[in-house]
Amino acid sequence: MTVTYQRKGPVAIVTMNRPEYRNAQNSEMTYALDAAFARAVDDDEVKVIVLAGAGKHFSAGHDIGTPGRDVDVAYDRRAVMWWTHVDKPGGDQRYARELEVYLGMCRRWREIPKPAIAMVQGACIAGGLMLAWVCDLIVASDDAFFSDPVVRMGIPGVEYFAHPWVLGPRAAKEFLFTGERFSAEWALEHGMVNRVVPRSSLEESTLALANRIADMPRFGLALTKRAVNQAEDQMGLRAGMDSVFGLHHFAHSHNAEVGEDSLAGMDARAMRDAAASRDATGGS
Ligand code: ZN
């Protein structure tokens with residue numbers, strides 16, 4: 001199973017379960033996450049949701065190269081009202097797929113009417129950030145690191161473009177321009193995570209926080225979550241994200257027009273090698 005579901009008292013724990021691929025997200029995982037979140041929403045005993053990643057890493061991002069990559073598979077669409085991407089050409093295909101599976105799903109999950117806490121250890125890269133960011137709170141272990149390296153593909157950040165809102169504009173630019181790994185402490189300093197705890201007590205600390213929140217009334221929490229999300233949208237999050245989604249797809253199309261594919265010919269290995277070679281030549 002690509003996603004597991006477990007309930008501990010008032011807390012539902014939804015866990016990405018592809019540890020052998022650092023929880024790279026394929027569509028199968030996306031729809032399994034959606035089903036797990038829906039289950040937690042429908043269970044009146046559940047007050048708080050914790051999103052976790054099995055193994056050493058939270059998530060290395062979208063699946064751009066495992067054997068389980070399933071970008072051409074048709075799933076039962078539910079995030080947006082749009083036609084299927086399957087068997088469509090060029091930008092028609094990419095736009096339809098990313099609108100549903102990436103941007104649409106993340107927006108849908110941001111609307112979950114129960115508080116969600118991301119429990120982050122190890123890598124939280126690119127598409128991994130999207131999952132952490134749609135949660136209301138983020139508890140990171142001291143070994144967690146965050147990175148959005150897709151500018152290396154010529155693309156201005158991942159599809160769910162929350163960077164300036166979760167980091168502030170200046171830190172967001174440093175984060176994107178360098179594509180480097182930023183520590184949990186750095187993320188804490190810039191307000192992107194709520195707390196940093198030792199790796200050994202990550203689960204205990206996260207569950208303690210979840211249980212404390214679970215003491216509050218369910219409906220009050222739902223309205224409060226909506227209130228803060230609405231305020232965030234008044235600060236431009238939703239409209240900004242829509243406008244950047246256009247730039248994002250312009251970049252994909254430019255890549256496809258001048259090169260071999262929409263990712264500038266880069267897969268997971270190429271991205272890793274590029275980061276490693278810069279480290280080896282003294283880039284910090
Ligand atoms: Zn994309």
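## A tour from helix α3 to the zinc site

Select helix α3 (residues 127-134): this helix lies across β5 and β7, and runs at about 95° to β5. Lying across involves contact, meaning heavy atoms within 4.5 Å. The angle is taken between N-to-C directions, from 0 to 180 degrees, with axes as lines fitted to C-alpha atoms, for helices over the stretch in contact. Helices (H or I, at least four residues) and strands (E, at least two) are DSSP runs, numbered from the N terminus.

This is a predicted model, in which local features need pLDDT of at least 70 and side-chain atom pairs count only at pLDDT 80 or more, while totals for chains, interfaces and linings use all residues. Residues are numbered from 1 along each chain as its sequence is written, and side-chain values use heavy atoms, with hydrogens and water left out.

**The sheet under the helix.** Next, select β5, β7 and β8, which form an open sheet in the order β5-β7-β8 with mixed pairing. Its edge strands are β5 (123-125) and β8 (182-183), each pairing on one side only. Two strands pair if DSSP finds at least two bridges between them. Three bridges join β5 to strand β7 (residues 145-147) in the parallel sense. Show Cys124 to find Phe146 of β7 opposite.

**Strand β6.** Which strands does β6 pair with? Strand β4 (residues 116-120) runs parallel to β6, joined by four bridges, and Ile117 has Leu137 as its bridge partner. Strand β9 (residues 195-197) also pairs with β6 in the parallel sense, over three bridges; here Ala140 stands opposite Val196.

**The core.** Select Val120, which touches residues including Phe58, Ile138, Ala140 and Phe146, leaving aside those up to four places away in sequence. Val120 and Phe146 are among the residues that touch the most other members of the largest nonpolar core, which has 70 residues. A nonpolar core is a set of buried Ala, Val, Leu, Ile, Met, Phe, Trp, Tyr and Cys residues joined through side-chain atoms within 4.5 Å.

**The zinc ion.** Last, select the zinc ion, coordinated by Glu98 (OE), Glu98 (OE), Glu159 (OE), His248 (NE2) and His252 (NE2) at 2.1 to 2.3 Å. Donors are N, O and S atoms within 2.8 Å of the metal (3.2 Å for Na, K and Ca); water is not among the atoms, so sites may look incomplete. Glu159 and His252 are both buried.

Key:
Buried means under 20% relative accessible area, exposed over 50%, partly exposed in between (1.4 Å probe, protein chains only).
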